[in-house]
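Hello,

Here is the structure we talked about handing over. Notes on what was found in it follow below.

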Amino acid sequence: MPIYLTMPRLSDTMEAGTVIKWNVKDGDKVRSGDIVADIETDKATMEMQCFDDGTIATILVEAGKQVKVGTRIAVIAGKNEDVKAVAAGASNGQPGEAAVAPVAAVAAVAAVSSSGVAPAAATSTASVAASVGATDGTRLRVSPVARRMAEEFGIDLHGVHGSGPGGRVIKRDVEGIADSAHSNAASAKSSSTIATGSALALSRTPGRESTSSIGALAPLSGRTVALSGMRQTIARRLVESKTSIPHYQVTMKFAMDELLEQRKNVNEALGGYGVKLSVNDFLIRACALAMSKNPFFNASFAGDHLVIHGDINVGIAISLPEDRGGGLVVGVIKNADQKSLRQISADAKFLADKARTKGLSMEEMNSATFTISNLGMFGVEHFTAIINPPNSAILACGAAIEQPVVRDHQIVVGWEMQATLSLDHRVIDGAMAAEYLRTLKELIEKPAALMV
């Protein structure tokens with residue numbers, strides 16, 4: 001009997017999911033435990049396992065398409081079953097609930113035909129949809145995302161050979177066509193203006209070469225970008241956070257000289273063991289220890305009471321690459337106050353690597369009681385962050401900057417870092433925030449306490 005793979009519910013709030021990538025194709029043998037696809041949920045991109053042995057008869061939902069939880073997305077032929085017969089039966093039957101409707105087409109920004117010539121007017125949704133299908137009755141290999149973008153831009157994909165597997169037209173192909181068309185149109189429109197401007201510039205500065213047309217940047221092309229399921233969830237949760245939590249911010253500077261020196265010495269001593277501590281590792285442990293001394297930083301607002309949590313779990317913000325759906329997830333280091341710097345470093349590396357390759361499990365993203373967002377590695381000196389509910393605080397850390405500072409009444413060159421707390425005023429007032437930052441400052445500026 002055929003085995004149907006359905007869109008799984010991978011989080012408690014998940015209503016629909018997107019198949020980011022299939023790791024199998026029609027005809028592939030699969031065994032229980034194999035990772036058959038990467039699924040984007042409302043919170044993260046996660047791996048989908050197969051729990052049966054058999055052969056992939058047919059894939060019902062192409063990569064890039066969002067469907068509701070429970071929708072059939074592939075069919076497996078069991079042992080001794082005819083794979084072709086199973087595939088034919090699945091194709092003739094109903095695959096399950098309908099996919100989520102695509103974004104409606106909008107007026108074309110840079111509408112082009114396969115010849116590269118811009119038409120006089122934007123193509124309607126119906127005519128664009130028709131142009132995506134081949135005129136000889138064969139089916140064009142187009143990803144759902146690319147098809148939707150082609151509809152929005154009014155691009156005829158017939159005759160386009162894509163850069164995806166087997167010549168499939170994918171997102172970047174449509175973006176390239178749209179960008180090229182926009183640039184060509186802009187160049188044609190402005191070529192006479194540029195030439196006239198250059199001539200005027202030369203006539204006004206005799207004996208000097210005009211550089212008005214050298215190094216000119218190509219104009220940006222306007223386009224719409226569909227939000228991924230994760231980005232929609234991020235948008236919804238952040239709006240909820242900012243509108244329901246009374247945020248306020250408190251900033252403090254920390255002298256980083258001793259911490260950076262301590263980090264250098266530890267990394268040199270443990271380099272042979274594959275240990276390389278980051279500044280963020282020190283900050284995670286310092287925040288966790290400061291929370292143990294300031295328990296309301298480990299609390300959540302619960303209507304008519306506060307919940308002070310027993311475990312100190314520090315969440316770290318992790319940015320995801322575009323091929324994993326982009327966006328941001330929070331990996332959680334459990335019981336951070338009980339762990340050594342070495343263990344915190346190993347946990348942080350594991351979470352970041354897994355988030356960017358396989359995707360984090362719900363267990364690895366749940367139960368944070370405090371969050372750290374660090375943009376110091378990008379050279380950012382100061383920023384504020386939005387609280388990650390049900391947390392009551394988040395620490396935004398900037399870069400350690402070498403600059404003139406006052407030490408022992410003398411102006412010297414030293415390292416300083418700015419960190420800003422965003423706080424829920426229902427749980428933490430200003431005096432409590434100042435006390436926490438003072439504790440944190442002591443731990444960061446005297447980092448020996450972090451080593452024990």
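Leaving aside neighbours within four places in sequence, P321 is in contact (heavy atoms within 4.5 Å) with G326 and R356. P321 sits in the loop between β12 (314-319) and β13 (328-333); helices (H or I, at least four residues) and strands (E, at least two) are DSSP runs, numbered from the N terminus. P321 is partly exposed, at a relative accessible area of 31%, where buried means under 20%, exposed over 50% and partly exposed in between (1.4 Å probe, protein chains only). From the C-alpha atom of P321 to that of A355, 34 residues apart along the chain, the separation is 9.6 Å.

Before the rest, the conventions. This is a predicted model, in which local features need pLDDT of at least 70 and side-chain atom pairs count only at pLDDT 80 or more, while totals for chains, interfaces and linings use all residues. Residues are numbered from 1 along each chain as its sequence is written, and side-chain values use heavy atoms, with hydrogens and water left out.

Overall, the protein has ten helices and 17 strands. Of its 452 residues, 41% count as buried. Among contacts with a separation of 6 or more, 64% are between residues 24 or more positions apart.

E364 belongs to helix α9 (residues 362-365). E364 is buried, with a relative accessible area of 15%. Apart from neighbours within four places in sequence, E364 has contacts that include V330, V332 and F350. A polar atom of the E364 side chain lies 2.9 Å from the backbone nitrogen of S361.

Strand β6 (residues 54-59) is mostly covered, with five of its six residues buried. Two strands pair if DSSP finds at least two bridges between them. β6 pairs in the antiparallel sense with strand β3 (residues 29-30) over two bridges, and K29 stands opposite T55 in β6. β6 also pairs in the antiparallel sense with strand β8 (residues 72-77), over four bridges; the bridge partner of I59 in β8 is A74.

L306, in strand β11 (residues 306-308), counts as partly exposed at 32% relative accessibility.

Regards

Notes
A polar contact is a pair of N or O atoms within 3.5 Å; within protein, one must be able to donate a hydrogen and the other to accept it, and residues adjacent in sequence count only if both atoms are side-chain atoms.
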